[in-house]
Amino acid sequence: MEKDELIIKRFQDLASAAHKRGCVAYSDFLNLNEQSIFHQTINKISWIRGETFGGYPDAERCIAAFIPEEPLWDTSDCDDCGTLSPSGIVYPIHCVHIRPRSPKFAEAFSHRDVLGALMHLGIDRATTGDIAVTDREAWLFCSSRFSDLICRELTQVRHTQITCSVSRMDHFSYTPSTQTVKGSVASIRLDALIALAFGESRSSLLSLIEHGSVFVNGRVITTNACVLKEGDLVSVHGKGRFRYKGTAGQSKKGRVYAEVEKYV
């Protein structure tokens, strides 16, 4: 059985379990390709509802929730059991705050540094979500089942001794670095806006779209003719992410002045 078929089978099993038990069932953390498969799968199931959430708005790695018609849960202590999503679903996600023990002597570390330290501990990537890095601190979203283990065992990133603690979500503070890119495009099609965001020719990006490396709002898009809507979040494997902000009129030659916000 191919990998995608195994993923679909797993989603179908989770949907069935949620329906039979009357409780929300959750996946592990999913990458963008797995989230796209989830959306395709859940659209074919009429008796269960599904959504994804990664712990904070615009998270790239997310957990999928399979929601029966009248789910049974208790949201009275969400800080212990998980994180409450905007839709009111409690996800088994904790936010771990990673800080240097001695900030004065700490070195800056990157997303890759934190991820490498986790992999060195043998932490399965499927149990961890996004890693938001801010200079010498980081916020790690992970499965609530593994947050205590991570807080206990993760003691060093690169050469910096660190301390970890589970943080309340109202203490989570992160503003990603972005760059506004403006320019004229022939249309607001997907290929034109990707070219604008990353400063490359449309023709050089066609293979990325055709090979399933481009995602819009977590769904894979394989046609360059897709027209974006204001606010759409576009992720391009190996390039990065950007949000389409809208247009500001047309040139005399009919080209559209567009604006995107690129994550850097």
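Student: How many residues does the largest nonpolar core have, and which of them have the most contacts inside it?

Tutor: General idea: in soluble globular proteins, nonpolar side chains tend to be buried together. A nonpolar core here is a set of buried Ala, Val, Leu, Ile, Met, Phe, Trp, Tyr and Cys residues joined through side-chain atoms within 4.5 Å. Buried means under 20% relative accessible area, exposed means over 50%, and partly exposed is in between, using a 1.4 Å probe and protein chains only. In this structure the largest such core has 25 residues, and the ones with the most contacts inside it are Leu-190, Ile-194, Leu-228, Val-234 and Phe-242.

Student: Which elements each supply at least two residues of this core?

Tutor: Helices and strands are DSSP runs numbered from the N terminus: H or I of at least four residues for helices, E of at least two for strands. The elements that each supply at least two core residues are the strands β11 (178-185), β12 (214-216), β14 (233-236), β15 (240-250) and β16 (256-263), along with the helices α6 (190-198) and α7 (202-210). The largest share, eight residues, comes from α6.

Before we go on, keep in mind that this is a predicted model: local features need pLDDT of at least 70, side-chain atom pairs count only at pLDDT 80 or more, and totals for chains, interfaces and linings use all residues. Residues are numbered from 1 along each chain as its sequence is written, and side-chain values use heavy atoms, with hydrogens and water left out.

Student: α6 keeps coming up. At what angle do α6 and α7 pack?

Tutor: Under 35 degrees counts as roughly parallel, over 145 as roughly antiparallel, 65 to 115 as roughly perpendicular, and the rest as oblique. Here α6 and α7 pack at about 115°, with their axes 9 Å apart. That makes α6 roughly perpendicular to α7. The contact pairs Leu-190, Asp-191, Ala-192, Ile-194 and Ala-195 of α6 with Arg-202, Leu-205, Leu-206 and Ile-209 of α7.

Student: Is the crossing of α6 and α7 left-handed or right-handed?

Tutor: A crossing is left-handed if the near helix is turned anticlockwise from the far one by less than a right angle, and right-handed if clockwise. By that convention α6 passes α7 in a right-handed crossing.

Student: Ala-192 sits in α6. Is Ala-192 buried or exposed?

Tutor: Ala-192 counts as buried, at 3% relative accessibility. Not counting residues up to four places away in sequence, Ala-192 touches Val-185, Ser-187 and Arg-202.

Student: What does Gln-35 touch, not counting residues up to four places away in sequence?

Tutor: Gln-35 has its place in α2 and is buried, at 3% relative accessibility. Its contacts, on that basis, are Leu-30, Thr-52, Glu-60, Arg-61, Cys-62 and Gly-218.

Student: How many disulfides does the count come to?

Tutor: The test is a pair of cysteine sulfur atoms within 2.5 Å, and by this rule the count is zero. For Cys-95, the nearest cysteine sulfur is that of Cys-142, 8.3 Å away. For Cys-142, the nearest is that of Cys-151, 7.1 Å away. Cys-95 is buried at 1% relative accessibility, and Cys-142 is buried at 0%.

Definitions and conventions:
Contact means heavy atoms within 4.5 Å. Axes are lines fitted to C-alpha atoms, for helices over the stretch in contact, and angles run from 0 to 180 degrees between N-to-C directions.
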